[in-house]
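This report describes one protein model, beginning with a single residue and ending with the chain as a whole. The sequence and the structure are shown first.

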Amino acid sequence: MTFLRKLALFFTLVLLFALIPSLASAEQGNTVPDGDQENLHIQVPIEKVEDSNGDSSKDSSKESKVVAAAASNVGYVDVWVTKSPKKINWKVHVNPPYKGNGFNGWLSVTHLTQGSNQRYHITTMSGSLTPPIPTGTYGGRLEGTLTYNGSVTGVTLASGYLQWTN
């Protein structure tokens, strides 16, 4: 029995070290400049929705939670800004074997210089918005749910913070 525990611990540690960089960047909310600063880009991870059956016989140790998180990487949403023309774009990517044919979410855009905030309802797997974007510094976050034939298959995790200046 101890051999199996050591083996499970070994695989959990390997998986944990593989996941730490991606989890750290998602939690920090990094923005990633793309090219010559004309586009800013973030990736928002989508995680599988937890079963609500409340099975308490499952092991609730930290190792099993890490394995469950890795096994539920449903996909991600790319979000980026183009300055010419001024647009906020998004595209949902679904990792096999998961399926998704709908996305329902909200994109919050804040004018950081003035403090004003707008929320835009996103109802498609990809697209773009052309909000009125006067000169200033902006920030944005995305949240939403992935669906397949009307059933929720995943939810976005903590969105990175997209920031740009016009």
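Thr 82 is buried, because its relative accessible area of 17% falls under the 20% cut-off. This residue of the predicted model is found in strand β3. The side chain of Thr 82 reaches the backbone oxygen of Pro 85, and the separation is 2.9 Å.

Val 155 has its place in strand β9. Is Val 155 buried, exposed or partly exposed? Its relative accessible area is 30%, so Val 155 counts as partly exposed, a class that lies between under 20% and over 50%. Leaving aside residues up to four places away in sequence, Val 155 touches Pro 45, Ile 46, Glu 47, Val 49, Gly 144 and Thr 145. Val 155 and Gly 75 are 80 residues apart along the chain, and their C-alpha atoms are separated by 9.6 Å.

**Strand pairs**

Strand β9 covers residues 151-156 and pairs with strand β8, residues 137-148, in the antiparallel sense. Within this pair, Thr 147 has Val 152 of β9 as its bridge partner. Strands β5 and β6 also run antiparallel, and Gly 105 has Ile 122 of β6 as its bridge partner.

| Hairpin | Bridges | Residues between the strands | Residue with positive phi |
|---|---|---|---|
| β8 and β9 | four | two | Asn 149, about 50 degrees |
| β5 and β6 | seven | four | Gly 115, near 90 degrees |

In soluble globular proteins, nonpolar side chains tend to be buried together. The largest nonpolar core of this model has 23 residues, and those with the most contacts inside it are Val 77, Val 79, Leu 142 and Trp 164. The elements that give two or more residues to this core are β2 (39-48), β3 (73-83), β4 (86-94), β5 (102-111), β6 (116-122), β8 and β10 (162-165).

Which residues does Leu 142 touch, not counting those up to four places away in sequence? They are Val 44, Val 77, Val 79, Phe 103, Trp 106, Leu 107, Ile 122, Thr 156 and Ser 159.

**The whole chain**

The protein has two helices and 10 strands, which follow the pattern α-β-β-α-β-β-β-β-β-β-β-β along the sequence. Of its 166 residues, 29% are buried. Among contacts with a separation of 6 or more, 67% are between residues 24 or more positions apart. The protein exposes about 10,300 Å², and carbon and sulfur atoms supply 56% of this area.

**Confidence**

The mean pLDDT of the protein is 74, and 64% of the residues reach 70 or more. Confidence is highest in strand β7 (residues 126-129), at a mean of 95, and lowest in strand β1 (residues 32-34), at 37. The pLDDT is below 50 over residues 13-39, a stretch that has 30 contacts in the model beyond near neighbours in sequence. Residues 52-71 also stay under 50, and for them the model has 12 contacts beyond four places in sequence. Where pLDDT is low, the predicted coordinates should not be read in detail.

Terms used:
Residues numbered from 1 in each chain as written. Heavy atoms only, no water. Pairing = 2+ DSSP bridges. pLDDT = per-residue confidence, 0-100. Contact = heavy atoms within 4.5 Å. Core = buried A, V, L, I, M, F, W, Y, C linked by side-chain atoms within 4.5 Å. Buried < 20%, exposed > 50% of the residue type's maximum accessible area, 1.4 Å probe, protein only. Areas by Shrake-Rupley, 256 points an atom, 1.4 Å probe, with all protein chains shown as cover. Polar contact = N/O pair within 3.5 Å; in protein donor to acceptor, adjacent residues only side chain to side chain.
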